Structure formats: C-alpha cells, structure tokens
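Visitor: Hi! Could you walk me through the aromatic rings in this one?
Guide: Happy to, let's look at it together.
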Amino acid sequence: MSVEAEPRVFTTTRWSLVLAGANSEGNQQNKAAEALAELCRTYWRPAFSYVCRRGYSSEDAEDLTQDFFLMILETNWLQQADHGRGRFRSLLLKSLQNFLHNAADKNRTLKRGGSVQFVSWDAWMTEAPSQLSISARALDSLAPERLFDLRWAATVVEHALRRLREECEGKGRLRLFEALRDHLAAEHGDTSYADLGTGLGVAETVVKKQLYNLRQRYRSLLREEVSHTVEKPADVDDEIRHLCAALASAA
Amino acid sequence: MNKPIGPPESIADVIENPTQCPQCGAITRLDQRSCSNCLLSEALEPEGELSREAFERILAEDNVADDEWRLGHYEILEEIGRGGMGVIYRARQQHSRRIVAVKRIFAHQVNSHETLVRFRREAEAVASLDHPNILPIYEVSESEEGLPFFSMKYATGGSLRAAAPALRVEPRDCVRLMAKVARAIAYAHDKGILHRDLQPGNILLDGNGEPMVSDFGLAKWMGENSDLTRTLETLGTPGYIAPEQAECTAAGLTSAADIYSLGAILFHLLTGRPPFVGANVLCVIHQAAVGPAPRLRSLAPSLDRDLEIIVARCLEPDRDARYQSAGALADDLEHWLRHEPIRARRVGIFIRGRKWVGRNPTTTMLVGLLIALTAAVGVMFWERESPHPMPRGVAVLPFENLSADPENAFFADGVQDEILNDLAKIADLKVISRTSVMQYKSGAKRNLRHIANELGVAHVVEGSVQRAANRVRVTAQLIDARTDTHLWVDHYDRPLDDVFAIQSDIAKAIATQLQAKLSPAEKSAIEQPPTKNLIAYDRYLRARKVRAVQTARVPGDMREETRLLDQAVAYDPTFLLAYCELAQAHAYAYHLGVDRTPARVALAKAARDAALRLSSDRGEPHLAAAEVAFHCNLDYETALTEVAIARGKLPNDASVFALSAYIHRRQGHWEDCARDLERAVQLDPRNVWLLQDAAETYHHERHFSEATAAWDRVLAVAPGDPSSRVWRALVDLDSRADTRPAYEAVQNIVTEDPSAVDSIAEHWLYLALCRRDAAEMGRALASLPPEGIVRRDLLMPRPFCEGLAARARGDAKGAEAAFIAAHVEMEKILREQPDYAQAFCVLGLSDAALGRKEDAIREGRRALELLPVAKDMMAGGVVLANLAIIYAWAGEKDRALEQLATAIRFPSPEFLSYGQLKLHPFWDPLRGDPRFDKLLEESKKPVPLK
C-alpha cells in the first residue's frame with residue numbers, strides 16, 4: 001500500500017462481491033478475495049475488541065484475532081460458512097464465536113506471517129487510530145456481542161469521517177473539515193454559524209452552505225460504508241438502525 | 001515488523017463521568033467530542049445523497065483559506081507529533097508529491113532567541129550527517145513569517161516505541177537493530193555531534209523496519225561551550241538519559257551520555273521497560289544517579305549473560321566504566337550476534353560494590369540495630385544462619401479496593417492475603433506476616449520507606465483490586481522502598497474465576513524480580529488455588545476478616561468465625577485452608593476458656609483430620625494439627641513434630657514460629673523459646689500480641705533487661721496500650737521492689753482513659769496488694785470484671801480477690817465471707833470440670849485462709865498432680881508457687897520454704913519475682929526467716945536456663 005492514499009473507487013458493494021465470488025473461480029474469485037480482504041482490513045477492530053472482552057489478554061487477543069482473519073482469508077471460508085448468510089457483520093461474529101470455541105480446545109496450528117497482509121504497517125501508520133470513548137460502567141456491563149456491534153458501529157462512522165476528510169484534504173479544504181467536523185450531526189443549538197465564519201474567515205452563509213455540503217457527502221459516505229457490508233441495498237437502513245441501537249445501548 | 005494487525009490497544013478509551021448527548025442521550029463518543037450515535041443516525045436522514053464530484057465542486061466554490069496548511073512548498077497534511085520546541089507534521093512536497101515529515105518551531109516560542117538558535121543548530125548539525133541509519137534532512141528553510149522549519153524523510157514504520165512490544169519476542173532483532181543505531185551514533189560522534197536525547201521515540205523505522213535516528217533536538221557540537229540554560233523539559237527523556245546529564249553543563253557531557261541512552265533503549269527493548277521508572281522525572285533521574293541499574297536478567301531471565309553484561313556496561317553510573325565509544329558498543333553487539341566472545345567481559349567492571357555500601361545507609365543501620373538487640377538478648381538470629389547478611393525482604397501491603405461496592409473491601413484484602421501467603425511459601429524470601437502489614441491501610445498516604453523500615457524489609461508490594469460483575473481487575477507493583485524505585489508493575493483484567501491464577505502469577509513475578517530461588521514444590525504450592533468455589537472463598541475471607549479485626553477473643557466473634565468456615569467447607573468439601581482455620585478456631589476457643597468442653601475438642605480434631613486427609617504435603621494442615629495438639633491436649637511431642645513439618649513448608653509464617661516458641665516455653669526450653677519468638681517477631685514486627693508475648697516471656701523468666709527492651713518495643717508499636725504501659729512499669733516492681741513507676745502508670749491511665757481500666761485491673765490489684773493500699777485495692781477490685789481474673793494459667797475469681805484484699809487490710813470477717821464464697825464457687829466448677837488444676841489452687845488457698853489446713857494441703861497437692869511442671873512449665877510453675885503459699889498460710893513454714901525453693905527455679909506468671917516476694921501479702925508468714933531472705937536473693941536472678 002503506498003503511503004499516498006489512492007482515492008478509492010467503488011462500483012459495487014464488497015460484500016456482494018464476496019458472496020458472488022464464493023463459488024466461483026478465476027477473475028471473479030480474485031475480486032471476491034480482494035473485496036473480503038478489504039472488508040477484513042476495515043473491520044478487524046470490532047473482532048479484536050470482542051476477543052478482548054471475552055477475557056483474553058491483549059497479547060492473546062492479538063494472536064487469536066490474527067489467526068481468525070488468516071483463517072477467513074486463506075480458507076474457503078464462505079463456502080464453509082452457514083448459508084443463512086445475511087450480513088457480513090453477523091456472519092463474522094458467528095464465525096468468530098465458533099473460532100474461539102474451537103481455539104480453546106486445541107493448539108492453534110495456523111501459521112502466521114506469510115503473504116497475507118491485509119493491514120500493512122504503513123497503512124496502519126497513516127490511518128488515524130480509533131478514538132472511541134465509553135463509560136467504564138458500560139464497558140464492564142456490556143456483553144461481548146454488544147461490544148462487537150458497538151465497535152462495529154464506531155468503525156463505520158470513523159471510516160466515513162476519514163474518507164470525508166481525505167476528500168476535503170485532496171481539495172485543500174482540510175481546515176474547513178476540521179472546523180466543521182463537530183457539527184456534522186444534525187443541527188443542535190450550539191452551532192454558531194457566526195463564530196465559525198469568523199474562525200474561518202468567511203461569511204456565515206458560506207459556512208451554512210459548506211456545512212450542508214459536508215453533511216450530504218458525509219451521509220453518502222456513511223451509507224456507502226454500511227452498504228459494503230450487506231447484500232442488498234434494502235438492508236442498509238435496517239443495518240444502520242441496528243448499529244444505532246448498539247451505540248444507544250451504551251448509555 | 002510483519003504483523004498484519006496494528007499494535008495492541010484497549011477496547012476503547014474509558015471515560016469516568018460520561019456526559020450524555022443532549023440530542024439522543026448516548027454516551028459513547030468519538031475523539032471525545034462527537035456523539036457517535038448522532039453521527040451514525042445521520043445516515044438515516046432522508047435528504048438524499050451527494051456524489052463526490054458534486055461535493056468537490058461545491059467545495060471549490062468558496063475559498064476557505066488553507067494558508068496555515070502550507071509551509072514553504074510543503075502542503076501540511078496532519079500533525080504527527082510534538083517535541084519540546086515544535087511540531088512535526090506529515091506533509092506533501094508540492095512539486096514532487098513526495099510525502100515528508102516537517103518540523104517547525106512553536107509559534108509561541110518565536111520570541112525566544114534561545115529557541116531559535118537551538119533549533120537552527122539542530123537542523124544544521126543533522127543536515128550535515130549522511131548515514132543510512134540517520135534520518136536524512138532534506139531542507140532547512142523558513143516560512144513566510146520567518147519561522148524556521150526543516151523537512152526530513154517520513155518514516156512510515158513509526159517509532160521504536162510503538163514497535164518495541166513486537167520486537168521483544170526476538171532479542172536478536174533488538175540487538176541487530178541497536179547495533180545499527182550504535183553505528184549511526186558512532187558516526188555522528190565522529191562528526192562531533194552528540195544526540196543527548198536518545199530514546200525509543202526518536203528512533204524511527206522505515207517501511208522495511210530499518211532504524212533511523214532522528215530528532216537530534218539537543219545536538220551539540222562537542223567541544224563548544226554553551227551558556228544556554230537548561231530546563232527540565234529540555235534535559236532529555238527521563239528513563240533514558242545518563243545520570244550526568246542532570247548534573248553537568250552542556251559542555252561537560254561526552255559521548256558516554258549517548259552510550260548510556262543506547263544501553264537504556266536496549267534494556268527497554270529486551271525487558272519492556274526502561275531501567276529506571278518512577279513517579280516523576282526527578283525521581284527517575286535520582287535513581288539513575290544512585291544506581292545501579294537492575295540486571296537485565298532480573299526482568300528477562302531467558303536472556304544470556306553476555307547480553308546482560310553489555311547492557312550493564314552501558315548503564316554504569318560512572319561514565320568512565322562504560323564503553324569508550326559507540327563503535328565499541330556496536331562491535332560487542334555484533335560479536336554477540338555472531339556468537340563470539342564479547343569484549344566487555346574482559347574489563348573489570350564490577351566497581352558497584354563500593355558505591356552500593358555508601359548509598360544504603362538505611363539497610364546498614366537496620367542490620368546494626370538487630371545485631372545490637374541480638375547481643376542484648378543473647379539469642380541466635382536468623383541472619384547468622386543464612387548466607388545473606390539480610391534476606392530479601394518484602395511486605396505485601398493492603399490493596400486498594402476500587403470496586404464500587406465497599407463490601408468488596410474484604411475481597412481486595414483476600415487478594416492481597418493470598419499473594420502474601422503465596423510469597424510466604426518461598427524459603428528464599430523473607431515475607432512479613434499479615435498482622436503487621438494490615439496496619440498500613442490503603443487509602444491513606446503511605447510513606448513506603450518509613451513502612452519498610454518499620455517492617456525491616458527493602459521491598460513492598462502495593463496494588464488495587466476492582467471487582468465488577470464477573471470480572472476482576474488487579475494491578476500490582478513491586479517497589480524498592482529504599483529508593484522508591486518501581487521494579488515491576490502489571491495489570492490483570494480477567495474473569496473472576498481467574499483470580500487465583502492472577503494471585504499466583506503476581507507472586508511468581510515478584511519472586512522473579514527479587515531473584516528468589518523457587519523450588520518446584522514451592523512453585524506447585526503457589527500455583528494451587530485455595531478453592532475452585534468462589535462462594536466458599538467468600539465465606540473463608542469473611543471468616544478471616546472476623547479473626548483479623550478481633551482485639552480480644554470474644555465468644556460471639558468465635559461463633560461467627562466458625563459459622564462462616566462451616567459454610568465454606570459445606571460449599572467446597574475440598575477446601576483445605578478452610579478446614580485448617582476451622583481446626584484452629586476450635587482449638588483457640590478451648591484454649592482461651594471460651595468453651596472448655598470435650599465437644600469442642602472433638603470439633604477441632606474433626607477439622608484437623610479433614611485437612612490432613614485432603615493433603616498431608618502442605619504446611620497448613622500440620623500447623624493446624626500442632627495447634628490442636630498443643631491447645632487441646634498439651635501434647636508437646638506431637639505439637640513439636642507437627643510444627644517442625646509446618647515450618648519447612650511455611651518458612652515465613654510468624655504463627656508457626658510463635659507456636660513453636662510457646663511449646664518450648666511450656667517445656668521450659670527457654671533459649672529455644674526466645675529464639676523462635678524473635679524469629680516470629682522479625683516476620684511480624686508490628687504484631688502487638690506477639691510482641692507482648694515475647695516481652696511477657698522475658699518478664700516471667702526474670703530476664704528483666706531484655707524484658708525492658710521488649711516492652712519498649714511493644715510501646716514503640718502501640719504507644720497507648722494501657723496494659724503494656726503498666727507491664728513496663730512493673731519491671732521496676734518485680735526486679736527491684738520499686739512500686740512507684742507502676743503506681744504512676746496506673747494513675748495516668750485511670751486519669752487519661754477511665755474506660756481502659758478493665759484492661760489493667762489485674763495489675764492494679766497486684767500493685768495495690770504490694771503497696772498495701774486499701775483504697776487502691778478497693779478501686780482495683782471495682783474495675784475487675786465480674787468473674788475476676790480468668791486466664792489460662794491463672795485463676796482468681798472475684799470473691800477470692802476480695803478475700804485477698806480483705807485479708808491484706810486486716811478485715812478478718814470480710815476475708816472469711818469472701819473466701820467462703822470463693823470456696824463455693826470453686827466447688828461448683830470442679831463438679832463440672834474435675835481436672836481443673838487452677839480451681840484446686842484457689843480452693844486450696846481459700847481453705848488455707850479459712851484455717852482448714854488438711855483440706856488446703858490436699859487440694860494444693862491435687863493441683864500439683866493434675867498439672868506438674870513436667871507437663872506444663874508455665875502453668876505448673878504457678879501451681880508450685882501456689883502450694884508454697886498454701887503451706888505458708890497453713891503454718892507449715894518448713895514445707896513452704898522447701899516448696900518455694902523449688903518453685904523459684906521455674907518461671908511463674910506474677911508470683912515469684914524479687915519484688916513480689918518482698919512486697920506481696922502472700923508471703924507474709926515467711927518474712928523474717930533467714931531461709932526466706934536467702935530465697936529473696938535467689939529470686940533476683942533470672943530463672944535458670946535449661
């Protein structure tokens with residue numbers, strides 16, 4: 001992965017690619033493998049959090065998570081997975097639960113290293129670290145499955161934000177992004193367009209317009225992120241609602 | 001560097017008091033500001049979407065100035081770090097589109113000429129360096145506002161700090177990497193440039209994991225004087241800076257400082273932490289100056305000696321003892337990699353010794369004190385028997401309870417207690433017993449050096465426990481209290497079931513840190529959890545707490561204790577320790593007179609047998625067996641045998657030594673008793689009961705100078721304790737027949753704290769009788785408990801005491817009535833407990849007082865039969881003396897004196913000191929007889945040793 005991030009081009013959802021490629025060969029299978037790798041690269045953190053919450057030490061959780069994703073990427077995972085399919089998120093969680101259950105019994109003999117590097121060190125360094133905060137009580141009381149969903153939801157949001165930022169940065173509007181980022185969520189009383197205008201050196205009307213612009217784009221990116229993990233466009237709303245519920249439950 | 005997944009992180013940042021989002025009420029946040037729920041909910045808004053092209057087009061419509069995000073011809077992408085003086089960005093070079101790192105100075109520091117100079121100097125210095133392992137500087141320039149900045153290679157591999165955990169599993173990789181760094185530093189030194197701030201954060205890695213030294217922020221041309229003032233911020237990073245950096249001027253530093261830092265970094269890579277850690281910067285610097293650094297293998301035992309030597313050589317506090325050049329260090333690292341002999345071995349580098357002695361006054365002082373006490377008391381001390389001058393000592397202090405539920409305080413105590421017990425099994429360690437450490441409650445500010453001094457150890461363990469739902473979080477740290485160095489710390493966050501594994505892990509880690517040898521048997525004992533049943537464990541902990549907070553053995557408490565323990569074994573019939581505690585609880589109940597019935601003995605034995613069935617390998621069942629044998633049966637043989645077994649397995653258990661001492665005492669083995677008592681005191685130096693027992697022992701044996709020192713020792717720990725104060729004063733009465741100190745002590749106590757008089761009533765009466773002070777006798781009697789004086793070795797029921805007082809003040813009628821009442825009471829007791837020797841003593845004395853000579857003598861002899869000195873030297877001694885008094889009161893002077901001559905050879909609580917013989921009314925019938933005077937003189941001497 002080059003350090004200078006290429007703009008991402010998505011024509012079809014990754015999950016649908018993966019599903020399509022499950023029983024295929026050749027080019028379609030390659031595309032499926034790539035798409036799956038990309039998904040894993042994006043959503044490894046919820047899996048890691050789940051393993052941690054299940055009681056493993058940080059080091060063990062790292063090893064297990066890594067082994068898990070290796071298993072997914074190197075075996076014909078989908079074929080073996082339960083064909084009640086559904087969404088990437090639920091299937092991943094189920095597989096992870098099974099994996100942990102089996103891993104507890106026998107020594108993990110999967111080899112590590114090798115050629116699969118779905119998150120390279122470079123890419124890791126240039127990506128911003130996750131910054132989710134949660135109350136201590138919630139962290140203690142949430143079941144691992146809920147925590148998985150919560151982290152998943154956070155990941156979706158973070159990715160969408162990150163892409164938005166990159167798009168702004170690419171157009172030399174990073175400062176604008178930074179200034180308006182906190183106001184992306186629906187209008188609340190403390191958005192003072194006047195203050196923002198002063199800070200940015202532009203008129204209030206410009207602020208309103210660009211904020212609206214950012215919000216629209218952000219919503220698109222958000223929905224796009226979610227759509228990559230479901231099979232049908234119709235599932236997107238439902239998935240988002242599920243994730244919202246996960247975030248709200250941490251109250 | 002090939003790990004596919006990023007570095008470990010916590011599940012999420014935890015915020016203590018989360019504020020709710022005013023919109024939706026959720027409390028999870030991103031970047032600590034935005035509500036993640038609201039952000040996500042945006043996706044459900046119906047207002048349509050926007051393509052990228054449309055978005056960018058609209059963006060471009062307004063010129064929202066992005067000036068700050070340019071420096072020279074670099075486009076600033078994001079901030080990646082902050083140094084002491086400026087900011088570091090990831091940036092893009094406009095024309096080439098190359099990604100670089102840009103460092104610029106803080107705007108608010110612009111006015112400081114010093115800063116500008118320093119900054120420019122760094123840039124120029126490093127720009128002149130050209131080495132594959134030194135981060136290259138591309139350009140040194142100034143922004144439009146005149147702020148200097150420079151651009152350098154962007155290291156995509158991050159810093160060594162982040163990569164360190166992954167590297168630790170491969171020591172060879174660490175060494176290989178540091179060899180390269182050392183070469184790079186050697187190159188810089190050759191060019192006359194010192195780094196002065198080498199630390200893992202300044203060693204960056206490129207995409208291939210190659211190290212590149214950066215941030216020569218404090219670079220200095222060697223040989224150039226500088227009068228720039230140094231502030232703490234610009235000293236370098238504590239933990240890695242050489243000790244002389246804190247003391248020297250810039251001019252005084254040499255390449256040795258960088259070599260030290262290289263050693264510290266290597267140390268970190270191999271062990272996971274820098275050589276010195278501490279609560280703050282000054283603390284760390286101080287430790288580094290005092291030294292020596294911990295040995296590498298004390299933290300990472302699997303590494304080899306040569307590596308340890310290399311690192312140690314770098315970390316010498318004396319810079320002349322280090323490698324003379326970074327190149328020499330690199331050479332040795334490369335030798336090591338090639339499995340060749342290293343050079344450092346050949347040089348005599350162990351000059352540590354002389355520095356060590358000079359820097360540890362506390363330890364030497366402690367040893368001196370103990371030796372002085374040895375000389376005074378004349379017993380052998382532990383130190384003389386072991387090869388170390390001072391055994392590795394550690395005290396596990398009470399852990400803090402961080403659970404929301406205060407009920408869990410005892411759980412935290414339980415965790416601490418288990419760790420303590422585990423460590424106590426290690427013969428190579430000296431571990432302070434529970435009673436002494438429990439006094440240092442967590443929560444209050446603790447002065448660790450002070451505590452360590454009081455306990456006679458060098459190290460302490462502190463920690464915290466948080467229990468929530470089915471999880472437990474434990475943090476533990478080991479601290480060298482002499483220097484306040486944190487030697488080890490670890491955190492555990494596990495399911496509740498794992499709590500025992502956590503405890504044994506902590507114990508083993510601490511043992512490793514303290515370089516204590518752990519035998520396989522000890523290791524196995526530590527790893528064995530007390531029980532698998534957490535409810536049983538809960539009951540057990542509660543029972544222990546009941547015992548721990550007892551200030552006196554109260555029947556109600558004992559019932560509660562046994563009730564809880566019964567529950568514990570009901571929940572887990574394999575719970576060995578609960579059975580042991582149960583056996584002890586029952587045995588004590590019998591011993592202390594709470595319940596002197598055969599049924600109680602049976603309970604004690606049943607619990608003991610259950611324990612022994614579960615395991616005869618562990619020490620605890622044998623200790624329990626010893627307690628039962630001793631307290632219930634006075635079976636010294638068995639008790640000593642069992643105690644010897646227990647001592648082998650529980651080398652740090654003060655109660656084992658104490659019990660051994662008491663057995664010896666009863667057998668009249670005075671030297672053994674004193675030695676074991678002192679050992680127990682060393683292990684449990686703040687245990688007031690133990691200290692009192694020791695002092696009383698010396699007192700009864702008429703070793704009064706030792707007794708004085710020992711009472712002073714009690715008062716040092718418990719200065720207000722009324723009975724100890726009076727005891728201390730009684731030394732003067734018993735040794736010299738001087739009643740004044742005791743009288744004053746009693747008066748003071750009566751004035752200061754009237755409620756405390758019941759704890760000194762017995763002494764008060766004794767004193768009053770010796771002084772023939774009728775008024776005092778009356779007051780003393782009034783403060784006696786209703787039942788009078790009831791102790792194991794001494795029985796003086798109330799009517800009997802009244803009789804004594806009446807007789808002493810010449811009130812014949814009153815005396816008669818009282819002694820008759822005493823008689824009646826004793827007869828009643830003897831009907832129920834016909835073998836109660838002490839009751840016969842009282843009966844006999846009462847009859848003697850009432851003129852019933854034959855009865856009296858017969859009863860006195862019966863007591864002797866029941867409790868000869870051969871059976872119990874202490875209680876038996878009382879009986880002997882008692883018979884002498886009976887003879888005296890019965891008019892049998894010769895036999896009285898004969899009996900007294902015998903009795904005087906035995907220790908006897910409160911009967912046979914010089915002072916007592918001289919002053920107490922007991923002995924009035926014998927006064928004037930030259931034989932009695934002779935015995936008076938005899939009584940000045942200590943009890944003859946066996």
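Guide: A definition to start with: rings of Phe, Tyr and Trp (its six-membered ring) pair if their centres lie within 6.5 Å. Also, this is a predicted model.

Visitor: Okay, how many aromatic pairs does the structure hold over all chains?
Guide: There are 18. In one of them, A:Y43 and A:F88 have ring centres 6.4 Å apart and planes at 75 degrees, so that pair is edge-to-face.

Visitor: Where do A:Y43 and A:F88 sit in the chain?
Guide: A:Y43 is in helix α2 (residues 26-53) of chain A, while A:F88 is in helix α5 (residues 88-105) of chain A. They are 45 residues apart, and the pair links distant parts of the chain.

Visitor: And are those two buried or exposed?
Guide: Both A:Y43 and A:F88 are buried.

Visitor: What about A:Y43 and A:W152, stacked or edge-to-face?
Guide: Stacked, because the planes are at 10 degrees, with the ring centres 4.1 Å apart. Planes under 30 degrees apart count as stacked. A:W152 lies in helix α8 (residues 144-170) of chain A, so its pairing with A:Y43 ties together parts 109 residues apart in sequence.

Visitor: Is A:W152 buried or exposed?
Guide: Buried, at 0% relative accessibility. For A:Y43 the relative accessible area is 1%.

Visitor: Which residues form the aromatic cluster with A:Y43?
Guide: A:W15, A:Y50, A:F88, A:F148 and A:W152 form one cluster together with A:Y43.

Visitor: Switching to chain B: which ring does B:R98 lie over?
Guide: B:R98 lies over the face of B:Y138, 3.8 Å from the ring centre. Elsewhere, B:R771 lies over the face of B:Y743, at 3.9 Å from the ring centre.

Note on methods:
Residues numbered from 1 in each chain as written. Chains lettered and ligands numbered in written order. Predicted model: local features only at pLDDT ≥ 70, side-chain atom pairs only at ≥ 80, totals over all residues. Heavy atoms only, no water. Phe/Tyr/Trp six-rings, centres within 6.5 Å; stacked < 30°, edge-to-face > 60°. Helix = DSSP H or I, 4+ residues; strand = E, 2+ residues; numbered from the N terminus. Buried < 20%, exposed > 50% of the residue type's maximum accessible area, 1.4 Å probe, protein only. Lys NZ or Arg CZ within 6 Å of the ring centre and 35° of its normal.
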